[in-house]
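Good morning, and thank you for making time for this presentation. I shall ask you to look at the sequence and the structure together as I speak.

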Amino acid sequence: MTKTIAILGATGSVGKQALDVSRKRGYKVDFISAGANERDAELYAREFKPKAVAMANPEAAASLKLKLADTDIKVLSGEEGINEGISDSHSETVVNSILGEAGLLPSLAVIENKKRLALANKESLVIAGDIVMKKANEAGVEIIPVDSEHSAIFQSLRSSKRAEVKRILLTASGGPFFGKTKEELNLVTLEDTLAHPTWKMGRKITVDSATLMNKGFEIVEAAHLFGVSAEKIKVLVHRESILHSAVEYIDNSVIGEFSVPDMRMCVQYAVDYPDRFDSASDELDLVKLGRLTFDEPDTEAFPLLSLAKRAYSQGGGMCAVMNAADEVAVDAFLSGKIKFSDISRTVINTFEKMLDARCAVTLPDIIKSDREARRRASEQIDKISV
Ligand code: MG
């Protein structure tokens, strides 16, 4: 039977790979959303002929409407447009690959519409994990992670009972600066940062991989998804990105998922779960690889890793604060306003000044903490860059 899916954030890195899986697997794509890239949105709309396309940016929506005037594809605009597209879609699964905080409300809309959520937007869980998981449980909605590590953990957890899990081994490529000291990190450039060793990704997540903030977010994501405490999640640096993560059981058995790094496998697994089919990904040749290596992460050089554990255990709006400050800092770094080492400095300083946000429990309060963190982070960046 042909599966019908919707893809949010279709013009981003994971979104494009989700479209590629749809081509190979023959999924029907009946709704796509994008931010402001109406040029690619038009191409995909003409290729996949969805019922509707939503552009988060209203100007891009207006322009796409003109471009698609010769078709019967509905063009929707803004946050409301994305919600309308989700509720009108006949999809069983929605792939949410929107970047950043903007992906949170769409995740909640998918849950409200009782569709399977194939989640690539880790911020949904980082910012409001308690709320998202609670709503999903109440609605009986499955959240299947698309993030490669979490897909691996999800798959590894199928081999035994949850009560038999001892800990989770979350692997990290280590980023381009693995092995560098705190002092050496003061000298790295934007160009050095964007050269990721194994994964091809968007710019934001590539920077987050270099600071290990991404791994920090993934600790929070895993804690929420799998109901384990952050202390039970051990980060392992694994440069080859072949073991995508593993679960250690109480009898000391370790079950992991190994494959070549290819996000398309994760998207396909999330949509087709519990079934498996042929995929476009390459076969894993272990002999050719010869060996796999594992190291401890350097939490002194990469302090955002420990901050994430702290933020998770403090709870409330603290992870939202950490995420918001990071979004602002990475943006400033990408536009050349601050140095690499200023990213972690900005995030940690913002975090320390906003400890009251741990009392934020409701979504409006969490969003308020997010906005306040953005304001404070920007203020700090202005001081650094003048
Ligand atoms: Mg990942």
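I begin with a network: Asp20, Arg23, Lys24, Glu47, Asp262 and Arg264 are linked by salt bridges, a salt bridge being a side-chain nitrogen of Lys or Arg within 4 Å of a carboxyl oxygen of Asp or Glu. In the whole structure, the search finds 34 salt bridges.

The model is predicted, and local features need pLDDT of at least 70, side-chain atom pairs count only at pLDDT 80 or more, while totals for chains, interfaces and linings use all residues. Residues are numbered from 1 along each chain as its sequence is written, and side-chain values use heavy atoms, with hydrogens and water left out.

Let me turn to the domains. The chain is divided into domain 1 (4-145), domain 2 (147-310) and domain 3 (315-386), with bounds that come from an automatic or database domain assignment. The centres of domain 1 and domain 2, taken over C-alpha atoms, are separated by 25 Å. Their contact takes 26 residues from domain 1 and 29 residues from domain 2, where contact means heavy atoms within 4.5 Å.

How much area do domain 1 and domain 2 bury between them? The value is about 2,400 Å², 67% of it on carbon and sulfur atoms; buried area here is the accessible area (1.4 Å probe) that two parts lose on being put together, summed over both. On the side of domain 1, the residues that lose the most area to domain 2 are Arg25, Lys122 and Pro145, together 28% of what that side buries.

The interface of domain 1 and domain 2 also has four salt bridges by the rule. Nine residue pairs are in polar contact between these two domains, both residues being at pLDDT 80 or more. A polar contact is a pair of N or O atoms within 3.5 Å; within protein, one must be able to donate a hydrogen and the other to accept it, and residues adjacent in sequence count only if both atoms are side-chain atoms.

Which elements give two or more residues to the side of domain 1 that touches domain 2? They are helix 1 (13-25), strand 5 (93-96), strand 6 (116-119), helix 6 (123-139) and strand 7 (143-145). Helices (H or I, at least four residues) and strands (E, at least two) are DSSP runs, numbered from the N terminus. Helix 1 provides the largest share of that side, eight residues.

Within helix 1 we find Val21. Is Val21 buried or exposed? Val21 is buried, because its relative accessible area is 3%, and buried means under 20%, exposed over 50% and partly exposed in between (1.4 Å probe, protein chains only). Leaving aside neighbours within four places in sequence, Val21 is in contact with Gly26, Tyr27, Arg264, Val267 and Gln268. Val21 and Met263 are 242 residues apart in sequence, yet 9.7 Å apart in space, C-alpha to C-alpha.

Next, Lys122. Another joins Lys122 to Glu218, at 2.9 Å between the closest N and O atoms. This second pair links distant parts of the chain: Glu218 is in helix 11 (residues 213-226), and Lys122 is in the loop between strand 6 and helix 6, 96 residues apart. Both partners are buried, Glu218 with a relative accessible area of 1% and Lys122 with 5%.

Asp40 forms a salt bridge with Lys16, the closest N and O atoms being 3.5 Å apart; Asp40 lies in helix 2 (residues 38-48), Lys16 in helix 1, 24 residues apart. Asp40 also pairs with Arg39, at 3.4 Å between the closest N and O atoms. Asp40 counts as buried at 7% relative accessibility, whereas Lys16 is partly exposed at 35% and Arg39 is exposed at 59%.

In helix 2, the buried residues are Asp40, Ala41, Glu42, Tyr44, Ala45 and Phe48. Their cover includes helix 1, strand 2 (28-34), strand 3 (52-55) and helix 3 (58-67). After helix 2 comes Lys49, whose phi is positive, near 45°.

Asn323 is buried, with a relative accessible area of 0%. Not counting residues up to four places away in sequence, Asn323 touches Glu101, Glu123, Val126, Ile127, Phe217 and Arg374.
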